[in-house]
Structure formats: structure tokens, C-alpha cells
Amino acid sequence: MRAVIIGTGGYLPERAVTNDQLAVEKGLDTTDSWIRERTGIGQRHFAAEGETASSMGAAACRAALAQASADVADVDCIIVATATPDSAFPSTAARIQGALGVTRGMAFDVAAACTGFIYALGIADALIRTGQATGVLVVGTEIYSRILDWSDRGTCVLFGDGAGAVFLRAGDPAPGDGLLSTHMHADGRHGDILAVDGGAGSTGGTGVVRMAGREVFKHAVTKLASAVDEALAANGLDQSAVAWLVPHQANVRIIEAMGKKLGLPLDRVVITVDRHANTSAASIPLALAEATRDGRIKRGDLVLMEAIGGGLTWGAALARF
């Protein structure tokens, strides 16, 4: 048995904030052109008061189940990737399980920052292959607007809020179909170049995002390239086999570099960073939801996903839809 992605879903908070609006509201010494030239970001969405990682994640799950023509009785596992959980415990996954009305199976969170969705996919795949789960919701959901330092213009302009989900079902697909492989890595020696400076077990508070942008960019280019090569080699595939690249939406320069490495024109790369900004673990499933629903990604397409995040973590996944 192997995992097959049969449904995708996304949720964005109603409020969209442009670069100019952000500069005025937060009193930032920055401009729309400064942000766009360095990141490709034009706007981001911010959660409303009362919205949580679990409420957004549950909305994305409902959309994924609807697209899959499935219901809660088909779900026996929920895995949530998030750096902004509702609480230390219960897990955000358990909150979503309760909100959906799922009454069986397991629910737990994964902490791998922006790479969290790739990690969660890998865990879901392993559970399905070993027969421990048959229907898994894999969710990325983040409210970064609540852990940003609004005086740090180099970091606070980069992030937004949102949630995305995929529904995986155990199946016996033809060779080369379904979720082919996932590849996950970490190197804790570089943890401090992208981190949150607080936590329940250290400062007793939440903390805010701190990032050494140039260092992160340097690692991103090399580590993402190696993860992509690893994924293709593991499946005996050439770059030309990839129909779509769905990357983590951190910076348009990194995205363009990865597209170029694969020999893919930009119209074969799913880009949402201009409208969503960096939604961390939610960015890949949000992009998947958009591209499957507007018809770009079609049945039979080979899709490559890759991400890098705090930890330092990075990874890639290959799936044929």
C-alpha cells in the first residue's frame, strides 16, 4: 500500500494587507518597491481576532475532504505542521480533530518550521506504508503575525498567515504514481540563523522570529538543490520528468533559482509568495490547493515539492497526482 494525494484545500484569512498598508500601519521605514525587489512579496493575509491555527487548519481540511469526496469517517490520522500552535497541549492536530468531529485514530503536531509540511508528508507516508493509517490529513497552518517583531523591517515584512491541507488515502497505485518519496534533513548547528527567541521551556513566553537573512539564503540555495537531486535520483528520474515545481514560498529569488536548476520555465513553477508572503509550513499545501483547483496541476503530473526552514531543516518530496 502507498499514499495517494486525493484532495487539497486551503484557507486564507479575509484581511489582505499590501506592502504600503503594512508600512503605514506598523510605522515601518520601508516601501513597496523595496520589499518587492528583494522578496517578490506584494501582500499578505493576517488572521482576525479569534482565528487560530486550528480554526484555519480545520477550514483547509474541510476543503481537502470535499475535493476528495471523502468525509470524517475516512480519516484515521491528522498530522499538523505548525510553529504557531494554539497551545503547548493539546496539540493543534487534536483541536482540529475535535473541530472536524473525527472520533478515531491519532492526531499530533510536527515542529520543523517551514519544512514542516514535507516532514509531515513523510510521516504520513510511513504510517500508510506500514498499515497504521489509511486516511491521513496532512496540514500546514500558521499565524506568524503573532510572533513577529514589528520593529525589525527585514523580517516582519516577509510573513503572512494561512493554512493548507492534503488528504492522503492508502491505495495500490500503478508504479510511478502516488507519493513516490520524501527526503528529510536537519542540521542543528545552524539553528540560530532562523529561530524564535522564546518558548515555554526557556523564557516562559512566546518570543518573536529572528533571522539572519543572508545566512539563510546561502544555505537555502545549496541545501534545496541537494534535496531535489536526492529525490530525483531515488526514483531514477531526470529533471525533464518534473511537470511542476511547488516550492516553499519564502523568496522569489530562491524560487526562480530552483526553477532554473530544473530547467523549468516560471510558468511551470507555482508561485504564491507575491500574494501570500511566507506562510511557513502552510505555503506548499496552499500552493498545491491553488494549482489543483485552477487546473494547472492535472492527473498524471509529476510534482516536486521542496522547503527549507528553521532547525535548520530542509527536504523534498515527489508525487504523481
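Modeller: The disulfide count is zero. This is a predicted model, and a pair would need its sulfur atoms within 2.5 Å. Take Cys77. Cys77 forms no disulfide, and its nearest cysteine sulfur belongs to Cys61, 11 Å away. Cys77 is also buried, at 0% relative accessible area. Cys156 is in no disulfide either; the nearest cysteine sulfur is that of Cys114, at 16 Å. Cys156 counts as buried because its relative accessibility is 0%, and the cut-off for buried is under 20%.

Now the sheet. Four strands form an open sheet in the order E8-E13-E12-E11, and the pairing is mixed. Strand E8 (178–186) and strand E11 (244–247) are the edges, each pairing on one side only. From one strand to the next, the twist averages 15 degrees. E11 and strand E12 (residues 302–309) run parallel, joined by four bridges.

Helix H5 (residues 116–129) lies across E8, E12 and strand E13 (313–320). H5 runs at about 125 degrees to E8.

Last, confidence. The protein chain has a mean pLDDT of 96, and 100% of its residues reach 70 or more. Among the chain's elements, strand E4 (residues 77–81) has the highest mean pLDDT, 99. Helix H8 (residues 252–261) has the lowest, 92.

Conventions:
Residues are numbered from 1 along each chain as its sequence is written. This is a predicted model: local features need pLDDT of at least 70, side-chain atom pairs count only at pLDDT 80 or more; totals for chains, interfaces and linings use all residues. Side-chain values use heavy atoms; hydrogens and water are left out. pLDDT is the predictor's confidence in each residue, from 0 to 100. Helices (H or I, at least four residues) and strands (E, at least two) are DSSP runs, numbered from the N terminus. Buried means under 20% relative accessible area, exposed over 50%, partly exposed in between (1.4 Å probe, protein chains only). Two strands pair if DSSP finds at least two bridges between them. Axes are lines fitted to C-alpha atoms, for helices over the stretch in contact, and angles run from 0 to 180 degrees between N-to-C directions. Contact means heavy atoms within 4.5 Å.
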